[in-house]
Amino acid sequence: SDCVATQFVDENYWPEMQVLCAVLQGEKKNTSSTAGMQQSLQTSPLMPKRIATTVSERMRTVSEAIKARDFYTFAQIAMSESDDLQAICATTQPQIQYATEDSYAMIRLVKTYNAKKGHPTLAYTFDAGANCFLFVLEKDLPEAVAMLMQHFPTPSERFYFHDAMLLQKIQEATVPHEYENIIDYPKKPFVMLLQSPVGSGVR
């Protein structure tokens, strides 16, 4: 059946919310998104509960979080949804693997950073692929990107930012010592790092 979306706040409602996309090294996926979804619907034991209750409950919660501009709740729901996707892929027969070692390193990095901050500051999510999408408030973005660069050092010419002022702030930012080397993983660059506001997106 068709999927229908209804807008409940306008595209300018939460201008502080920013989206980053860390493009990671990866190979062409073996299973397309559409084929993978059908496979999971038929074989993953996690799908019935998700369809029956989880999705509707989380949709209500995240809608209220967006209306309240409640980043903490929004972040927790976004990451829970992403983790569920990974779990569903792992329990599908035959198993589907979209995430890479770099993807899992990004998950560990964000979780560790948030734990050290004492609250969600970054939120990760993945679609059916290896690349990591990150939600962050504008005020937290410079430090968050500096922290990412400490672990995935990437030349600035691979940054593609919609907001030139934000890019300048990032170039001037430093990462506090307590957020250095917070995961054990080989340092490697992103293919690129993209930034966009939420809403109507980049034009």
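1. A pocket, as the word is used here, is an open set of grid points with protein on both sides within 12 Å along at least five of seven lines, and its lining residues are those with an atom within 4 Å of a point. The model under discussion is predicted, and the points below should be read with that in mind.

2. In the largest pocket, helices α2 (47-67) and α3 (71-91) each supply at least two residues of the lining, and α2 makes the greatest contribution, with 6 residues. The volume of this pocket comes to about 570 Å³, and of its 22 lining residues F8, V9, V62, I66 and F74 are the closest to the centre. Sorted by class, the lining of the largest pocket comprises 13 nonpolar, 5 polar and 4 charged residues.

3. The second largest pocket, with a volume of about 400 Å³, has a lining of 20 residues, among which M37, M47, R50, L85 and I88 lie nearest its centre. Two or more residues of this lining come from each of α1 (33-43), α2 and α3, and the class count for the second largest pocket is 12 nonpolar, 5 polar and 3 charged residues.

4. The largest nonpolar core contains 48 residues, and the members that touch the most others are L20, M106, L134, M147 and L193. Helix α5 (residues 141-151) gives the most to this core, contributing 7 residues.

5. For L134, leaving aside residues up to four places away in sequence, the contacts are with Q18, V19, L20, M106, V110, L122, A123, Y124 and L148. Two of these partners, L20 and M106, are themselves listed with L134 among the core residues that touch the most other members.

Methods:
Residues are numbered from 1 along each chain as its sequence is written. This is a predicted model: local features need pLDDT of at least 70, side-chain atom pairs count only at pLDDT 80 or more; totals for chains, interfaces and linings use all residues. Side-chain values use heavy atoms; hydrogens and water are left out. A nonpolar core is a set of buried Ala, Val, Leu, Ile, Met, Phe, Trp, Tyr and Cys residues joined through side-chain atoms within 4.5 Å. Buried means under 20% relative accessible area, exposed over 50%, partly exposed in between (1.4 Å probe, protein chains only). Helices (H or I, at least four residues) and strands (E, at least two) are DSSP runs, numbered from the N terminus. Contact means heavy atoms within 4.5 Å. On a 1 Å grid over the protein atoms alone, a cavity is a set of points where a 1.4 Å probe fits but cannot get out, and a pocket is an open set with protein on both sides within 12 Å along at least five of seven lines; lining residues have an atom within 4 Å of a point. Grid points are joined across faces, edges and corners, and a volume is the space filled by probe spheres set on the points. Ala, Val, Leu, Ile, Met, Phe, Trp, Tyr, Cys and Pro count as nonpolar, Asp, Glu, Lys and Arg as charged, and the others, Gly among them, as polar.
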